[in-house]
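Subject: Structure for you to look at

Hello,

Here is the structure I promised. Please open it first, then read the notes below alongside it.

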Amino acid sequence: MSTPVDPPEPSSGAVAPIPQGVGTPGSKSAGGRRYGCGVAKKEAKRLEKEAKLAAKSNKVGANTSAGEKKVKVEKKKEEAESDFVNTTPPGQKKDMSQPMAAGYNPIAVEAAWYDWWLEQGFFKPRLASDNKIRPEGLFVITAPPPNVTGSLHIGHALTTAIQDCLVRWNRMLGKTTLFLPGFDHAGISTQSVVEKRLFKSTGQTRHDLGREKFLETVMDWKNEYQERITRQQQRLGGSYDWSRAAFTMDPQRSKAVIENFCRLHEDGILYRANRLVNWCVRLNTTLSNLEVDQKQLEGRTLLNVPGYDAKEKFEFGVIVSFAYPIEGSNERIIVATTRPETMLGDTAIAVHPNDTRYKHLHGKFAKHPFVDRKIPIVTDEIAVDMEFGTGAVKITPAHDPNDYEVGQRHRLDFVNILNDDGTFNENAGPKFQGMKRFHARVEVIKSLKENGLYIETKDNPMTIPICSKSGDVIEPVLKPQWWVNCKPLAEKAIQRTQAGDLRIAPKQSEAEWYRWLESIQDWCISRQLWWGHRCPAYFVNIEGKEQNSNDGKWWVVGRSVEEATDRATKLAAGAKFTLEQDDDVLDTWFSSGLWPFSTLGWPDKTFDYDTFYPGSMLETGWDILFFWVARMVMLGLHLTGKMPFEEVFCHAMIRDAHGRKMSKSLGNVIDPIDVIQGLLLEKLHEKLYEGNLDEKEIAKATAGQKKDFPKGIPQCGTDALRFALCAYSGGGRDINLEILRVEGYRKFCNKIFNATKFAMLKLDDSFIAESSAKPTGKESLVERWILHKLNIAATEINKQLVERNFMAATTVAYNFWLYELCDVYIEAMKPMADASASEATRVSAQQTLYTCLDHGFRLLHPFMPFVTEELWQRLPRRPNDPTPSIMLASYPVRDEAAVFEDAEKQFDLVFSAIRTGRSLAASYNLQSDIQLFLHVQSDAEAMLFESQVPTMVTLTKGCKSIKIIRDVSEVQAGCGSAALTPTIAVHILVRGLVDLEAEIAKAEKKLGFAQLNLDKILRIESQADYESTVPVNVRLANEEKRKTYEAEVATLTQSKENFAKLK
């Protein structure tokens, strides 16, 4: 391993770490802290900048040559990696007796471990000896079930990375953990994608197959994609207990759905009503309000509509005015609408009762020009604003939510003009019957003009409802459906959340949570699909009785046909009857809303339900907070009496590097396996043909892929992907994912791998780990420093994981490994582990190295499970430690015995001197035979630096010697200098290597700046009321600055004089 140079600047605070090769240049010391005073820091950075500029021209040629060689080496490396074959039998432990590979290959490193973990049962909950929860506590995550519509995308990888990180962390803390996986049948989406595939491949529709055969086809799809998703989740390292895997339509979950339906109906919360629903013509089903997007239009807009010719565009964003003739007179009344085709369903015209313009028309009728229908003129002060438009409003109760309320108030006719397929029915009149709705829009306007009733069309900013699944324009339609009265459920959810039973993060999501629950509407749960849970509701068709099937009083529900029959018998009161089960299925969310407890056996009383419910947390995207989370909470509270989880954590939405939403048609949807394994551009293109995109969409997606991934997706490995996704997660609502950043974390894995490989050489065959990681008290300064840094890292990572700040947690882990362990301690211990060192020194350094590796791997394991297991298994175990896997090892926590604050301060000062020396050498382009002098002014400083000379020489590349001096006269003539602190200066011998006149000029320039800074501080301190008006802390800071500037002035003056003596 090479001697370190100044590392790139690590991030600090809550900023995600930037991998080497990806981040911006900079300079920081180990641990992300800058050392010495502010002036020294600026000086060090300035010197480094000068050095880089000075050396740039000398390195261009060499870098080009080296770069060419590097490319060849990387090609060979990639070929070697692609040839890797996993020879470990499935379920068996990987043979770690073989030497470590020449380099890090994620495919090789990650092979075999998951199968072994699974075979060993490590993912199952560990219980105490009495079969109870372990005393350390319980942590349960019921994983959000991915839809079986297709493969997982990178957003699912984020979910797995965050959740598995928390599960593995809690498992290592000793808790009983359960990470329960499962799959969602996703009614609308799955049926839609299978129907598209069926038609694309065979030209058939589901109706050609029939319900039973079609459901078999969908089940085949489900089985294929459930298996594919399982493989993806396993490849991502998710430590799920697969023995408990659930599917929303398996027998136990189906039993729970039926119980839910029946219980809500019995409690008076679920009811049947003929009400307006959101109808998607394209999918031929109703949708809940949450499945409808609102598209904002600023004015007249021509749009394509699904189901029409791609060349056809229809007018939206306008308001059309037309006139109705008044029956029995020549008078007309003018109304306006944004949906002119709906006038075929008008059954009233409303005016304000106080509007004098229309008082003479109260109780009269208008005549419909296209259908045989008289239209009453009604008065309604709620629906009509006299000041808006003409003050007259057309009313279409069966096709508009506001008009529906008017129709209810005035008992108007509810005339449905729309067939389910989007064509108009006989109620629209013979001219328009059978016509598609937007063709009818055009024809209605044309007919109004022909009849002299058309007035005008104006731009009208508006929103139009769009199906989030198909992109179709939603139609409000009257249909008898099953509804859930959500108000009482939401009230209970609000009360319990306010009482502290549920924590929601981030806070922005909590505010949205209350806002949505407070304005909640009833939930339509009927869906006109075949794939899903069929409603356990039955129409009781009583012989000889006139009945309306829209009326819920003629319906019964039952957990079985027998229970439904018993209830129907009572309803029929002795009359003959037949039962007709509702053909509709239930909304997908009606089943997934039971997920936290149905997966544990509810409604049955099971060990899992008693032991693991309620769960610890629900981690999901903020975009389904209301679709899913709210419904789980409402149903959980009502059906179990318990909040289903203690915490909701909403992660960000992943977008591409340009901030765009992931979309198949853009070609920016990323399969996490492609990031793990890497994929050539041509293969990326080929995958586009596996979906249901048409040729035009494929061409667009291909262009997008070529732009974003000109060389394909590089192989990054699971560990790098997981670490990157966690590093992106800092509480924001969006993540703009850059694959190059993920690749940068592969380099971090490579750094860990190579550092471990080097470190293992220092742990020879004779090495035996101490039985405890506790310090002995005999450790050297740098050992105490690194143990203290390890302790800080453990403390901080645990704190950040508690606070769910994954960005900050990964930053700490990254900085410890890269800037403290690899770049400092492993290098500093080289002379301590040499044959020339005493045995006590060598053994102590080895023990410290072992502890850092052991605990360092453990700290990283929740983020990077594979590489940490691979490397941890290379380490010898401590005596009497039978731990079989790192995932069962204890997670490092704060250890008071490893707190060495004095050692930290001392070595920080030493390392600051090292950095200043490096910067001076770099500024003069010195790479060998470097001679440094440290001028110190106290015995304590002299003693400290004298003891650390070997370490300082080791950590300064090309250093020949470092001399500690007390008298400034001992500084040789011809030295460049920099002040470190008011009492410490670093000098480097450059005699004969520099242009004296240029160096004197530079020294004079720096001296001028230093003197200006000093004069500024002196002016501040000399103010008359300085002592009485300036706070103590500010005065102390100014005093420190003054001393530093004075030291800098003295040092630069000395340096200038030394150069002058050589002239």
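In β18, the partner of N278 is P476. Please keep in mind that this is a predicted model.

**Around β5**

Strand β5 covers residues 270–280. Eight of its 11 residues are buried, so the strand is mostly covered. β18 spans residues 475–484 and runs antiparallel to β5, with 10 bridges joining the two. β6 is residues 285–287, and it also pairs with β5 in the antiparallel sense, over three bridges. β5 and β6 form a hairpin with four residues between the strands. In that hairpin, N284 takes a positive phi near 60°.

**D400**

Which residues does D400 touch, leaving aside its neighbours within four places in sequence? They are L276, R339 and P476. P476 is the residue that bridges to N278. D400 itself sits in a loop, between β15 (392–395) and α9 (401–410). A polar atom of its side chain lies 2.9 Å from the backbone nitrogen of N402.

**Around β22**

β22 has an antiparallel pairing with β23 (residues 555–557), made by three bridges. There, A537 has V557 as its bridge partner. β22 also pairs with β24 (residues 577–581), again in the antiparallel sense, over five bridges. Look for F539 opposite E580 in β24.

**Backbone points to check**

Most residues other than glycine have a negative phi, and most peptide bonds are trans. These are the spots to look at with that in mind.

- The peptide bond from A505 to P506 is cis, with omega near 0°. P506 is in the loop between β19 (503–505) and α12 (507–518).
- W602 and P603 are joined by a cis peptide bond too, with omega about 15°. P603 falls in the loop between α15 (595–598) and α16 (607–612).
- A112 has a positive phi, near 75°. This residue lies in the loop between α2 (106–110) and α3 (113–120).
- N131 has a positive phi, near 65°. Its place is the loop between α3 and β1 (138–142).

N131 has a relative accessible area of 43%. That value lies between 20% and 50%, so N131 is partly exposed.

**The whole protein**

How many helices and strands are there? The protein has 33 helices and 33 strands. There are 1063 residues, and 54% of them are buried. The C-alpha trace spans about 120 × 70 × 60 Å along its principal axes.

Among contacts with a separation of 6 or more, 78% join residues 24 or more positions apart. The protein has 136 positive and 139 negative charges. Their mean positions are 3 Å apart.

Best wishes

Terms used. Residues numbered from 1 in each chain as written. Predicted model: local features only at pLDDT ≥ 70, side-chain atom pairs only at ≥ 80, totals over all residues. Heavy atoms only, no water. Polar contact = N/O pair within 3.5 Å; in protein donor to acceptor, adjacent residues only side chain to side chain. Contact = heavy atoms within 4.5 Å. Buried < 20%, exposed > 50% of the residue type's maximum accessible area, 1.4 Å probe, protein only. Pairing = 2+ DSSP bridges. Lys, Arg positive; Asp, Glu negative; His and termini not counted. Charge placed at Lys NZ, Arg CZ, Asp CG, Glu CD.
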